[in-house]
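Morning, everyone. Have a look at the slide, and I'll walk you through what stands out.

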Amino acid sequence: MVKKIRFSWQISLILIVGLSLPPARHFLEADMRMHMLVQFPLLIIAGVWIGLLLPNYLKIKLSPYNRYGITGLLIASSVTSFWMIPLALDEVLVLPSLEIAKFISLLVAGVALAISWRAAGFLIQGFFLANVLPMMTVVGWLYLAAPLRLCNAYLSSQQESTGLALVYLSILAIIVWLMSFFVQGQKTDAVEL
Amino acid sequence: MAKTLITSVLVLMLASLVWLVYTQGLRVFTKEQARQLVVKQTQPALPQVILLDATDSTHALRSWTMQQNKLVIVEFVYTRCNAICRSLGAEFQQLQAIIQKKNLQSRVGLLSISFDPEHDTPKVLAAYAARLKADANIWHFATVKNHNQLATLLNFFGITVIPDELGGYQHNAALLLTDSQGKLVDVADINQTQVILDTWLKKYASVGK
């Protein structure tokens with residue numbers, strides 16, 4: 001077990017270090033779609049990974065502050081909403097301090113998601129998704145429909161396809177989540193801690 | 001549950017604070033808006049970048065706008081452009097028409113600066129000016145003389161130029177207002193030309209009179 005955990009930690013660590021290397025950053029951030037739709041999710045996944053591997057005593061220590069995963073899901077939605085601001089997307093390319101903040105906050109959002117999701121149960125998960133997903137749809141639609149470029153550093157074609165992808169992804173996520181509810185039935189309704 | 005409640009409220013407050021501070025009170029969501037606000041607040045002095053105009057003579061930017069002793073509205077273009085600069089060109093043509101009609105030649109001038117000095121030589125600029133039927137008393141065309149000063153110039157005006165898929169460029173378009181003191185005093189989005197000209201003339205009523 002110990003061996004397995006160590007191995008998994010290493011994968012997560014490799015992912016984070018890999019993403020933070022300048023060539024990987026420049027490659028992913030040169031294109032708006034890669035930046036928002038590949039780099040962001042990978043960082044969140046790396047965070048989720050860490051969250052799942054968090055030792056139990058830590059989870060127990062945190063749980064009084066995170067009943068039903070409420071705090072964790074709030075953190076996750078706050079962080080993701082911030083990184084949808086066009087200004088942030090532009091400035092992160094030229095401000096190293098903001099770039100560091102982006103990496104840390106997205107990782108934290110991932111950790112928060114991982115330790116909060118199951119505890120949240122259907123209702124609070126639904127509340128979280130009902131906040132984040134429509135926001136994604138709206139931002140996507142804004143990117144798609146804006147007559148001017150919202151990010152100075154990205155081409156308008158990239159802005160449009162990012163917008164379209166955000167709209168599709170958010171709708172897809174809503175469908176998947178609803179389907180998972182029907183597949184699992186009432187089981188998910190039981191709150192686990 | 002109380003601990004969760006308190007922590008959640010703290011998280012929400014922190015998140016709102018970050019949002020409010022970062023967007024300067026929900027006023028600034030794009031880099032363009034941020035730039036506009038900074039310019040209005042700081043009114044920075046223009047850099048003395050050496051420009052080459054369509055008649056092949058050179059000018060230092062700040063001195064040039066000060067010599068003209070009027071408001072100069074600056075735009076950035078490249079002559080091969082057929083997207084946003086076209087609409088910018090049309091905006092400037094409209095502005096020129098208004099200036100001619102209302103006899104504002106002594107109060108407002110126009111300056112189109114190309115960020116593609118490689119291609120846009122004075123000759124090319126002159127042809128471009130002719131194509132747009134530019135009035136030489138109102139509307140000047142120029143580019144940087146030394147290519148290595150281009151970055152300084154673009155950086156100062158907050159213009160980001162990125163190559164597109166078709167061998168051209170994409171860039172943010174704005175009307176940049178300089179006054180007779182050689183300062184950049186305001187930035188406006190295109191497509192509100194008439195309104196903004198009136199506003200500027202009122203606000204800087206003493207310039208060029």
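Let's begin with one residue, A:M32. If we ignore its neighbours within four places in sequence, A:M32 is in contact with A:L37, A:L89, A:Y143, A:C151, A:Y154, A:Q158, A:Q159 and A:T162, where contact means heavy atoms within 4.5 Å.

A quick word on the ground rules. This is a predicted model, where local features need pLDDT of at least 70, side-chain atom pairs count only at pLDDT 80 or more, and totals for chains, interfaces and linings use all residues. Residues are numbered from 1 along each chain as its sequence is written, chains are lettered from A and ligands numbered from 1 in the order in which they are written, and side-chain values use heavy atoms, with hydrogens and water left out.

So where does A:M32 sit? The largest nonpolar core has 47 residues, and A:M32, A:M36, A:W83, A:L89, A:L106, A:Y143 and B:Y22 are the ones that touch the most other members. By nonpolar core I mean a set of buried Ala, Val, Leu, Ile, Met, Phe, Trp, Tyr and Cys residues joined through side-chain atoms within 4.5 Å. Buried is under 20% relative accessible area, exposed is over 50%, and partly exposed is in between, using a 1.4 Å probe and protein chains only.

Which elements give two or more residues to this core? From chain A, they are helix 1 (2-20), helix 3 (32-53), helix 5, helix 6 (86-91), helix 7 and helix 8 (156-184), and from chain B, helix 2. Helix 7 of chain A gives the most, with 15 residues. Helices here are DSSP runs of H or I with at least four residues, strands are runs of E with at least two, and both are numbered from the N terminus.

Apart from that core lies another one, of 30 residues, including B:W139, B:L177, B:A188 and B:Y204.

Now, helix packing. Two packed helices are described by the angle between their axes and the distance between the axes. Against helix 7 of chain A, helix 5 of chain A packs at about 100 degrees, with the axes 6 Å apart. The axes are lines fitted to C-alpha atoms, for helices over the stretch in contact, and the angles run from 0 to 180 degrees between N-to-C directions. These two helices are therefore roughly perpendicular; under 35 degrees counts as roughly parallel, over 145 as roughly antiparallel, 65 to 115 as roughly perpendicular and the rest as oblique.

Next, across the chains. The axes of helix 5 (residues 70-82) of chain A and helix 1 (residues 2-22) of chain B come within 9 Å and cross at roughly 10 degrees, so this pair is roughly parallel. Among the residues making the contact are A:L74, A:I75 and A:F82 on one side and B:V11, B:L12 and B:W19 on the other.

B:L12, in helix 1 of chain B, is partly exposed, with a relative accessible area of 43%. From B:L12 to B:G182 is 170 residues in sequence and 45 Å in space, C-alpha to C-alpha.

On to charges. How many salt bridges are there over all chains? Seven, where a salt bridge is a side-chain nitrogen of Lys or Arg within 4 Å of a carboxyl oxygen of Asp or Glu.

Take A:K102 and A:E29, whose closest N and O atoms are 3.0 Å apart. A:K102 is in helix 7 (residues 96-145) of chain A and A:E29 in helix 2 (residues 22-29) of chain A, so the pair ties together parts 73 residues apart in sequence. Both A:K102 and A:E29 are buried.

In chain B, B:D186 pairs with B:K40 in a salt bridge, at 3.9 Å between the closest N and O atoms. That links strand 9 (residues 184-188) of chain B to helix 2 (residues 31-42) of chain B, 146 residues apart. B:D186 counts as buried at 7% relative accessibility, while B:K40 is partly exposed at 41%.

Last, chain B overall. Chain B has seven helices and nine strands, and 51% of its 209 residues count as buried. Its C-alpha atoms fill a box of roughly 75 × 45 × 30 Å along the principal axes.
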